[in-house]
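The sequence and structure come first.

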Amino acid sequence: MKARTRQKETLSVALINRPVIRRFALRTFLTAVVLSLPLPSVAHANSASHEERNNANNTASAEVSPRLCKDVSLQVLGSGGPELDDGRSSSAYLIWIDEKARVLIDAGSGSSVQFGASGAQFETLNAILLSHLHTDHAADLPSFIKGGYFTDRDTDLLVIGPDGNDVMPSTEDYIASLLGKEGAFRYLSSYTIKGQDDYAILPKSVNNAFLETPFDHKIDNEVSVEAIAVNHGPIPALAWKVNAKGCELVFSGDTNDEEGHLAKFAKNADLLVLHNAIDDSAPQAAKNLHMTPTQLIDIAKRSEAKRIVLSHFMQRSEPGIDALTEAMTVIAPGRVYAAQDLMNITLDE
């Protein structure tokens, strides 16, 4: 077993360019009014007595037992998209439980290198969950498998992702096309056949996963997962929910949330990762694939998630990060983070 030191970073949200922030916040406020979003009344909140606030908190505590999320954290391995010159690795998130890397969500370009930089060990990983099969979410899968040869892994690895259509392969076909006996990296095919190597990849394709009937799978005694199908244009895609020791983490993946299900799927989540790849003025083709900042604010508000992580930034959305973070901080009930590669967010704080 290789000893490695796990890296952690402390996030501070930088609020710069105040005039731009004020303009964006005002625009978002007006948009919210048009959409009839319930906005918090700061004046009313400040005028409430200390006793009234305590009574409200006590009532809420009595109705919902708080999840402590003890020894659970989320590390961002990649906060970018498919661009080559954005200074970010592509989409990937790592869930740590009891100081061990247990679940990887997406495996975009560069994520295998960041996995090593995080101090994670491949042998402790229980599952890889893929939101969809675009390169910036799934390209590094063969690199993880090849790199795993140099570790002490001896337990099978579950890889779950979307089913296919006439545009994209299913997750099972994707893995076969890469690592199978006739695959591009067929020299690694022994990992696709149970009993032929130290461990086997166990692929599973998810179909017919809806808000009312999500895909549901127990990984082990501490981790279970759910998934629902989301709209990402013609690309089969999933949003994931990971229950880690009772702590709920939800990942939107890439979607335009056409069905409007994300807020319900992430209701009261301990952490919600939302992708910010476009701005509000993006062309319709981009809006067919991704959520606008106005949508993100709406979802953050309605989900009532305790923490919001904005990620999957692209150069077209980078200029609005600070303004979006500021606006969302005003309207969302929980803490808001703008993702950076290798950022680690501890959920029991």
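## Two helices in contact

In this predicted model, Leu141, Pro142 and Ile145 of helix α6 meet Tyr174, Ile175, Leu178 and Leu179 of helix α7, where contact means heavy atoms within 4.5 Å. By class, this contact holds seven nonpolar, no polar and no charged residues (Ala, Val, Leu, Ile, Met, Phe, Trp, Tyr, Cys and Pro count as nonpolar, Asp, Glu, Lys and Arg as charged, and the others, Gly among them, as polar).

Helix α6 spans residues 141–148 and helix α7 residues 171–179, and the two pack at an angle of about 60° with their axes 11 Å apart (axes are lines fitted to C-alpha atoms, for helices over the stretch in contact, and angles run from 0 to 180 degrees between N-to-C directions). That makes α6 oblique to α7, since angles under 35 degrees count as roughly parallel, over 145 as roughly antiparallel, 65 to 115 as roughly perpendicular and the rest as oblique.

## The open sheet

Seven strands form an open sheet of mixed pairing, in the order β7-β8-β9-β10-β11-β12-β13; helices (H or I, at least four residues) and strands (E, at least two) are DSSP runs, numbered from the N terminus, and two strands pair if DSSP finds at least two bridges between them. The edge strands, β7 (215–218) and β13 (335–338), each pair on one side only.

Strands β10 (residues 247–251) and β11 (residues 271–275) run parallel and are joined by three bridges, with Val273 in β11 as the bridge partner of Phe251.

## Basis of the values

Residues are numbered from 1 along each chain as its sequence is written, and side-chain values use heavy atoms, leaving out hydrogens and water. Local features need pLDDT of at least 70 and side-chain atom pairs count only at pLDDT 80 or more, whereas totals for chains, interfaces and linings use all residues.
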